[in-house]
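Keep the sequence and the model side by side while reading.

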Amino acid sequence: MPRGVPNAKRDESALRYTSFHVPLALNPKHVGSTYLKSDTQTLWSRNAVRAHRSRVVLDETGTATPTETRRGSKVIVIHPGSRFLRIGRASDVTPLTIPNVVARKHAPPVPRPTYVQGISRPREERRRATPSTTAPSGDEYGVNVASDDPFDTKVAAITVSLRDRMRFYKLRVTPNAAGIATAFNEQFKPEIIPESNDPYHVDWITSTEQPYLVGEDALRIADPESMGYVVRWPIYGGNFNTRDYPSMQVVYNDIETIFREALKQKGIEPSTYKDYSVVLVIPDYYDRLYVEALVRILLVDMGFKQFCAQQESLAATYGAGISNACVVDMGAVKTSIACVDDGLVIADTRMVLSMGGNDITEFLSVLLEKIGFPYRELDLARSYDWNVMEDLKARLCTLAEGDVALNLYDFSVRRPGKPTEKYGLRAYDEIILAPMCLFEPRVIEFDRKRAGMRFLTRAPDMAEEMVEQSSDKFTERYTQAMLISTQHLFPVLVPAISMEPVPLLTPPVAQTPATEGQSLAVTPQVPSASATTPVTPAAEEPASAVPSAKDAPKDEDVEMADAAAPAAESGAPSASGEGETASSENKAAEPAASAEKKEKEKAKGKDKDATPADAPVEIIDVDDADNKPEATPAASAPPAPAQPIQPAPPPQMIPIGFRAFNIDVSFEASKLPLDVAIFNSARAAGGDEKIRKYLQAVLVVGGTALVPGMAHALESRLQAIATPLVPNMEKVQIIPPPKDVDPRVLAWKGAAVLGKMDGVADLWVTPADWEMFGMRALKERCFFLT
């Protein structure tokens, strides 16, 4: 063998793919060539030089004299969402916004339109005109559950949180408001408005032979089932809607159809696609196959000149004109959270919550039905009935406690083939309880929302192209913020006495199953600093030690992991999902002494449990002793003798916990309350200084951010969490969007800013690059992606 060429290392693992002897790479000390030793020799640099030379030749010959055009006029910015598609030239002031829906002709039998219920429902006999809570005599802020219905119990817990905030702000409560509103709504008769007097009359489509309809036209079909159309939304929660589609190719076809029809409305014909570049806005926590399919549609099927991708949070900071922020994008189906640091999304801070504006709309309809909603034929599966509730949500819902009053509202119902009907409605705290489901997600059925979804998995041999390989490949799919949010679900493995001590991720916990059926949640209990309680390892634990939710007694009152405890009984909300914020400043002030005591106890054992940088911050709800669940047999065992713990590297998640408990980290983390999720995202960015940095620059964008009082609601709840946990924490600040800028289009405008910058020339990926490199081209060119 030539000198300088080393032998390949002997493979002792017997896991080689071939018996062929593969030598290692040449020693660079003995190589005289300069091939691929500088950036100028890469394919990207050679392509740029070649393009520059061709442009110079064309300019000298005069055959292609560039015309003076507005910067960005040849760049198309596309921001697809679950409910709306925003598309337009980068030079436009505002994008074209159309519903991201398509109606196609379907062979008989045509499936009926259905609506997947994501909110808990009361029992059938308690659906209409039966308030969930009653006020006790003598205490205007008190709340009594009206029945044993689980839905009423959940609504009562949210109402307790609202009453505590009203008590703090010294706001009066109207007695018997639900009864007054129910009596008015039950007897109200609608007013018929002639078509000539209705300025918002809808021109329904009653007959057409077109193979498909897109956007508003698809929602104006009078009766899709009888006309042979099936109406579908191809994108759901930052990914493809696999629930309503039989195959992925049908999804791709519908997305391309919507893109083409939207561009036609902008005056861009298919013959000119080759002259346009595309900036695609993708989710922060994106799926590799989702991005790859969209790029294939744009470059291969539609034939655009080139493209680049940008994440939503980074685009929002571009649109707001700031470089550092914790971006909260509140959409229709999901809420994504990520911290941006100097023009780059911090990968470990990304979180996705499975709740958004659609949940507020649905919860509002359920609450209004409880007080006798006068429009009794409401069906959210019909587009015109959904629009009725969307209009009511936009006009009624608020998060400002001072707006809660027994007011009179009106709304109009426009149905095909019938005259417009105008209804009157009286409502009290329903207008604030509906958006409070973002902070109290106990009424949201997360398992039901993802039922029927076929989630696409990444190919094992291609995962390296999208995510950086960590030392522990087990955690590569999940961000640090998600792991922080679900750490209370992991089992604690205690080694045998003869083994070396292993640092634990969290203090030993007493595990208690949740009884509401939403998740296998456990409620950690803080041990004393002097002794530890051993917990049976999950791999050897008997079946009776950790009972399932269905085995627990139905009448046992157990705190849910994703639910809030009343403010009068709980301190600061849980950063791991055990509790939620129930009030604002009063919650930060009342438990100050107990919080300081807990912090001192944690400080004593910090060096034993974890390093200061990675030490989890536990915030535990303090329930009454009578309502505390009984500990499991493993948790009630006598304390083990204390053993010295040797210094060790930062603790890592235990892979066996996933196999034993079958924990879906991203799904369990998506159940967190909004304020807790924002705090955990900031925690994942680093130490206390990073938490203070990002909590003082929270940028809220998206359609749900338009709810009045959202900024103050977030500020007060985040302040209550951060004040007892973060040293020297100043005031939490919510950054409003720039003046006269709709928060719904802020991310699109930020991507348009990128499309008009000179530096975007280094980010473009051409069809030839895509054909040669695939997703590797996206990673190497769009270096802003994480």
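The report below goes from the whole chain to its rings, helices and backbone details.

**The whole chain**

This is a predicted model. The chain has 786 residues, and 49% of them are buried. Its secondary structure comes to 24 helices and 20 strands. Take the contacts in the chain with a separation of 6 or more: residues 24 or more positions apart account for 73% of them.

T786 lies in the segment after helix 24 (775–781). T786 and L344 are 442 residues apart in sequence, yet their C-alpha atoms are 7.7 Å apart in space. Beyond its neighbours within four places in sequence, T786 is in contact with Y286, Q311, L344, V345, A347 and R350.

**Aromatic rings**

How many aromatic pairs does a search of the whole structure find? The count is 11. A pair of aromatic rings is described by the distance of the centres and the angle of the planes.

| Pair | Centre to centre | Angle between planes | Class |
|---|---|---|---|
| Y375 and Y423 | 5.8 Å | 50 degrees | tilted |
| F411 and Y423 | 5.3 Å | 10 degrees | stacked |

Y375 sits in the loop between helix 9 (357–370) and helix 10 (383–396), while Y423 sits in strand 18 (residues 420–427), so their pair ties together parts that are 48 residues apart in sequence. The pair of F411 and Y423 also links distant parts of the chain. F411 belongs to strand 17 (residues 407–413), and Y423 to strand 18, 12 residues apart. Y375 and Y423 are buried. F411 is buried too. Ring pairs link F373, Y375, F411 and Y423 into a cluster.

Charges also sit over rings. The charged end of R83 is over the ring of W233, 4.1 Å from its centre. R232 lies over the face of Y245, at 4.9 Å from the ring centre.

**Helices**

Helix 6 (residues 248–265) and helix 7 (residues 288–301) have axes that come within 11 Å and cross at roughly 55 degrees. That angle makes helix 6 oblique to helix 7. The crossing is right-handed. On the side of helix 6, the contact is made by Y252, I255, E256, F259 and R260. Helix 7 contributes A293, L294, I297, L298 and D301.

Is helix 8 (residues 312–320) mostly covered or mostly uncovered? It is mostly covered, with 7 of its 9 residues buried. Those buried residues are E312, S313, L314, A315, A316, T317 and A320. G321 follows helix 8 and has a positive phi, near 75 degrees.

**Backbone details**

Most residues other than glycine have a negative phi, and most peptide bonds are trans. Some places in this chain depart from that. The peptide bond from P108 to P109 is cis, with omega near -5 degrees. P109 lies in the loop between strand 4 (102–105) and strand 5 (133–134).

K170 is not a glycine, but its phi is positive, near 60 degrees. K170 lies in the loop between helix 2 (150–168) and helix 3 (177–187). K170 is exposed, with a relative accessible area of 69%.

N728 is not a glycine either, and its phi is positive at about 55 degrees. N728 is found in the loop between helix 21 (710–725) and strand 20 (734–735). N728 is exposed, with a relative accessible area of 67%.

Note on methods. Residues numbered from 1 in each chain as written. Predicted model: local features only at pLDDT ≥ 70, side-chain atom pairs only at ≥ 80, totals over all residues. Heavy atoms only, no water. Phe/Tyr/Trp six-rings, centres within 6.5 Å; stacked < 30°, edge-to-face > 60°. Helix = DSSP H or I, 4+ residues; strand = E, 2+ residues; numbered from the N terminus. Buried < 20%, exposed > 50% of the residue type's maximum accessible area, 1.4 Å probe, protein only. Lys NZ or Arg CZ within 6 Å of the ring centre and 35° of its normal. Axes fitted to C-alpha atoms, helices over the stretch in contact; angles between N-to-C directions. Parallel < 35°, antiparallel > 145°, perpendicular 65-115°, else oblique. Left-handed = near helix turned anticlockwise from the far one by under 90°. Contact = heavy atoms within 4.5 Å.
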